[in-house]
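Hi everyone, thanks for coming. Let me put the structure up, and then I'll walk you through it.

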Amino acid sequence: METIRNPRVMQQTVREYLQRGHSIGFVPTMGALHDGHMSLVQRCREENDVSVVSIFVNPIQFGPSEDFNRYPRDTEDDVAKLAEAGVDILFMPGVEEMYPEGFATYVEVEHLSDRLCGRFRPGHFRGVATVVTKLLNIVRPARAYFGRKDYQQALIIRQLVRDLDIDTETVVCPTVREPDGLAMSSRNTYLSPRERKAAAVIYKALCRAKEEVLSANGTFAEARVLMEGCLSAEPLVDEVEYASVFDPETLEDICSRDVTIYDKGTVLLAAAVRIGRARLIDNELVDITGRQGSRRS
Ligand code: AMP
C-alpha cells in the first residue's frame with residue numbers, strides 16, 4: 001500500500017491510473033477504523049480496479065466545543081488494517097495541505113443540512129460538504145462509498161454530487177453493528193463499560209419504533225413517543241437531541257402525519273443522544289409498503 005500525504009501528488013497519481021483506464025474507488029474516513037469502515041473498504045475493493053482510502057480528521061466540521069482535539073487517532077493500527085485489506089493507496093493529508101493559508105471557499109447544501117444533526121451542530125455539514133467536495137476533486141473516483149449510519153451525511157453528499165456535476169457514483173452501504181445492536185462508531189471508544197452497555201438502548205428504541213410503524217394500527221406519533229420513552233428511561237442517557245420519524249428524502253419530521261395516507265413507501269427512524277462524553281447517532285430505514293394500515297393518527 002502506498003501512502004500519499006500531498007494532494008498534488010495524489011492528483012498526479014490518480015491521473016496516471018485514469019490514463020491507463022483504471023476505475024478508482026474511494027472511501028473517505030476520519031480514521032480509528034472499525035469493521036463498519038472496513039465493510040466499505042471491502043465493497044470498494046470488489047467494485048473497482050484501484051482502491052483509495054483517505055484518513056483526515058476534518059477540523060472545519062467540528063464546532064468550537066466539540067471533540068476535534070480528542071477525536072480518536074490510531075494511525076498505526078489503521079495502516080495495518082488497510083494494508084491487510086489490500087487497499088492500494090492511503091491518502092492522509094495534513095490540515096495545512098487541505099486548508100492552506102487564505103482558504104476561502106465553502107460548499108453549503110441548503111435545507112438538508114439544517115435538519116436532524118444540523119440543528120444541533122451548526123456548520124457541521126458545511127464542513128463535511130466542503131471536505132468531501134475537495135476529496136472527490138482530488139481523487140476523482142468512479143465510485144465513493146459512505147455508510148448508512150450517517151444517513152443525513154450520505155444524503156447531503158448525494159445532493160452535492162448531483163448539484164455540482166461531480167462525475168462520481170455515491171454508494172451507500174448498510175450499517176455494521178455490534179452483537180447487541182449498537183452501531184459501530186469511532187466515538188464508541190469514549191464510552192465507559194457501563195455506558196457502552198447502556199448505549200444498546202439506541203438500537204432497541206429504533207426497533208420498538210419500527211415494530212410500531214409496521215403494525216396494523218401503528219402511528220408515526222406513537223413511534224416517536226415509544227422511541228423517546230425508551231431512550232429517556234435509560235439513566236445513562238444524558239440527553240435525547242432528537243428521536244423521531246422522518247421523510248427519507250427531505251428529512252422533514254413526519255411524526256404528526258397520518259401513516260395511512262403517507263405515500264413515500266419508506267420512512268426514516270433516526271435518533272441522536274448524548275451518553276457521557278459521546279454523542280451517538282443511529283437510524284433505521286423502514287419499508288412500510290407491506291403494512292396493513294387501518295387506524296388513523
Ligand atoms: P467516519 O470515519 O466516522 O467519518 O466514517 C467514515 C465512513 O464510514 C462514513 O461514510 C460513515 O458513514 C461510515 N461508517 C461509520 N460507521 C459505520 C458503520 N457502523 N457501518 C457502516 N458504515 C459506517
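This is a predicted model: local features need pLDDT of at least 70, side-chain atom pairs count only at pLDDT 80 or more; totals for chains, interfaces and linings use all residues.

Residues are numbered from 1 along each chain as its sequence is written, and side-chain values use heavy atoms, with hydrogens and water left out.

Okay, the ligand. There are 17 residues around it, and Met30, His37, Asp150, Val176 and Met184 come nearest; "around" means having a heavy atom within 4 Å. By type, that shell has eight nonpolar, seven polar and two charged residues, with Gly counted as polar.

Where do they sit? β2 (24–29), α2 (35–47) and β5 (143–147) each give at least two, and α2 has the largest share, three residues. Helices here are DSSP runs of H or I with at least four residues, and strands are E runs of at least two.

Now the polar contacts, meaning N or O pairs within 3.5 Å. The His37 side chain has an N or O atom 2.8 Å from a ligand oxygen. A backbone N or O atom of Gly147 is 2.9 Å from a ligand oxygen, while a polar backbone atom of Met184 is 2.9 Å from a ligand nitrogen. And the protein covers 93% of the 480 Å² of accessible area the ligand has on its own, using Shrake-Rupley with a 1.4 Å probe.

Conventions
A polar contact is a pair of N or O atoms within 3.5 Å; within protein, one must be able to donate a hydrogen and the other to accept it, and residues adjacent in sequence count only if both atoms are side-chain atoms.
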